[in-house]
Amino acid sequence: MADDRDQAFERIERLNQRFAGLAGWCFDHRSIVGLICLLLFAGSIVLASKVQQDASYESYFNEGDDTYEAYQKYLDDFGSDEVSYIGYEIPDLPHGVWNVDAMAALIALTEALEDEVPFVYEVTSLANAELTVGTEEGLEITKIRDEWPLTQEELLERREAYLKKPLLVGGIVNQDASFAAILIEMDRTSTDPPEEIVWDPAPEKAEDLENMYPQVSDTKITEILARPQFAAFRFFPSGDVALNAFFNRVLVSEPAYLMMISLLLISALQLVGFRSFVGVAAPLVVLVLTALTTVAFMVVVGYKMGISFSATPTLLMVIGVAYCVHVLSEFRTQMVALGDRREALVKTMSLVGLPSLLTAVTTAVGFASMAFVPIRTMAEGAVYQAFGVMAAYFFSVTVLLGALSFGARRPKWVERARASASDIGSTSSASFATRALDGIARFNLAHRTGLLFGFAVFTIACLVGSTRVVVDSNWLADFWDDSPIRVNVVKVDDEMGGMSNIIYLFDGGHEESIKEPAVLREIERVQALALEDDWLVRKTYSIVDIVKDLNQSFHSDDPAYHRIPETREEVAQYLLLYESSGGEEAAELVSPDYRVASLELRVRVGRIVHMAALIDRLDAALVEKPLEKTETTLTGIGALWLKLTNYIVSSQVEGFGLALIAVTLVMIVLFRSISIGLIAMIPNVVPVLLALGAMGWFDITLDYNKATIASIALGIAVDDTVHLMSRFRLEFGIHRSYEAALHASMQDVGRALIHTSIALVLGFLVLCLSELRSQAFYGILLAASLTTALLADLFLLPPLVLWLKPFGPEQARRTEAPSAAIREAA
């Protein structure tokens, strides 16, 4: 056993010497390193400028996904389902939205939206909504715009006629006629190819985000609504266009904004910690290069910026600064000890090069484990985040070393630091940090059993909390309560039909089958079953509604005839007259050959579990009494959200399971010891359990934004453990005493661990400034997890090592812990 350990130490020493050789090469060829840095910077900027955004719901699904393919087929048959839904009220005019002056303005507004909004397919409002009226000659479809001008009395008569039409109430006007809406249907989707969503083809504008759908459409809508002639209107813009445009803009602007704040915080932290220009500037260069090359990598492999990218720059920033801190901290110590810049760099890399590589590999493996989850945007994020981690390590051992090689080979500050070290040694005084680290070591030695017991209790509490975690999604919870998007959606959702939807497709099996009364009754049956939950289901749309409305219109608008006709001939005749009279809405609810019809359930925005309960109830009813004439398919945005919720469970379990297994295996291989690898993993599971436990105890749902927290927390937390365990084992090889090795390890890497942890926590807390509340919670949970990881490294790992003695037996002779004077001066 002793021979095996000696051989292991020899292998480690050989690797350390290779890193030392790299440091020497970077010093001797620092100009080449600088040139490489400039070339990478220039190339990355060129590539990064070509990155595209995709904040749509579809970005979460792979093309082979059954639910996604059903949704794509629905889009092919029925067109884009993306809309801008603009609620409005007019509180300061008599009769509100039915005021004659307001209606005149609405006619002008509807025409402006039709004529000026890019990529518009159709605009529907009270001004041009179809009002079906039976006449002696047959059928008449009227629109307020076509009959304009009207008097106030005539307009109020139209109001009563519109309120008798169930098809219109809850869609473009509410039940008491105090609130109305404008529906703008688009002929593009957010997932269309880039060349199809560019509005102005001019080369200088082709790649401008604001020249692409949906931003260009949202901008024009906002500009039209702000015109003085519509000042009496109080608008509440919502729908896919506003939401996706908001997300895309956040994805472009917010990462850079948060990155700048992170850079300022990191710069201040570096200035306090190292008090040198290079100590501040060099890490910033490393961090900027890391972010740029990661975005460039995304362009090369064809990834788009999805919602998973939002926290990526901050994530890579805080990880990159951790690598830089370990190099800078050790470099200052070695400069004081050796007095020569080249020798200090060589010695630094011989000590921290390998541990930093181990941390980069384990972090990248932890992140990459999520590449196998079924949520596409998360799987892609796992790949480019893992790449970013390795890029951060590469730049920290090349660019940073190259930057540190510039300057006087034997600077004057070293002599001053040595003099300070002499004073410290002679007076036996030490700084607060040195005394604190020494105190932590002594506390571990004195209370090892109590610490183990305390962490065991804490872990059990977190485990209990994790069993209370609820998997759910509610995209409205992504926004702060005072966010305009959320305020508008809540208002429109309360006043009108629901802002989310579930769509059932009914396939009759052959052309014209939808015109069969038996087929229509099956659609009506499902529609009625859904409306039994009138809190959740706010409005339904289907061809049945139009057929029933036509039947009522042909019978003097008698409500008793608001039903499906008895014969196929009647249905066909009504629809033929409807189409010949200029009716257009039916075409959006059936396929051109009348084989497939859609039933859209407009549901209240909220938790997905409510939607899941509705679908389960409908499924149970259809199992008890199956449909005989049609086959149904569930699709729409609601179906995508339900599938996403199921994916969250599998992603969290599979992703974290893979990360835990992969990181554990890497630790075992890297330390060449099963016992050391397993012991090192224990402190890294604790912060993950804290994140899950906190979510359970504080009723924070596990949604698509938080599905990666466990894997990321594990991947980052393991970094400090690797540094401390590597140094602990190295010092034990020197001293052959666990107590002396603990003291030496704490003094050597303890300060760097605390420094990097502060950077990590502050970096993630920057996410609290995000426009998305979901990102703020993400940052808080990770910050809390990494604080726990630091405490576990400082107060759980040492007691475990002291108790289990994984490095072998101690020698009888104890070696005293080294003096802190040189470290203190550095």
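Predicted model: local features only at pLDDT ≥ 70, side-chain atom pairs only at ≥ 80, totals over all residues.
Residues are numbered from 1 along each chain as its sequence is written, and side-chain values use heavy atoms, without hydrogens and water.

Four strands form an open sheet in the order S2-S5-S1-S6, with antiparallel pairing (strands are DSSP E runs of at least two residues and helices H or I runs of at least four, numbered from the N terminus; pairing requires at least two DSSP bridges). Strand S2 (120-124) and strand S6 (234-239) are the edge strands, each pairing on one side only. Strands S1 (residues 83-89) and S5 (residues 180-186) are joined in the antiparallel sense by 6 bridges; Tyr85 has Leu183 in S5 as its bridge partner.

Helix H7 (residues 215-225) lies across S1, S5 and S6, at about 15° to S1. Helix H8 (residues 240-274) also lies across S1, S5 and S6, at about 75° to S6 (contact is heavy atoms within 4.5 Å; axes are fitted to C-alpha atoms, for helices over the stretch in contact, with angles from 0 to 180 degrees between N-to-C directions).

Leu265, Ile758, Leu762, Leu765, Phe777 and Ile780 make a nonpolar surface patch of about 440 Å² (residues with over 30% relative accessible area and no salt bridge, nonpolar side chains joined within 5 Å; Shrake-Rupley areas, 1.4 Å probe; salt bridge, Lys or Arg side-chain nitrogen within 4 Å of an Asp or Glu carboxyl oxygen). Helix H25 (738-765) and helix H26 (773-795) each give two or more residues, and H25 gives the most, with 3. Ile780 is located in helix H26 and counts as partly exposed because its relative accessibility is 39% (buried is under 20%, exposed over 50%, partly exposed in between).

Technical notes: Patch = residues over 30% accessible without salt bridge, like charges linked within 9 Å, V, L, I, M, F, W, Y side chains within 5 Å. Buried < 20%, exposed > 50% of the residue type's maximum accessible area, 1.4 Å probe, protein only.
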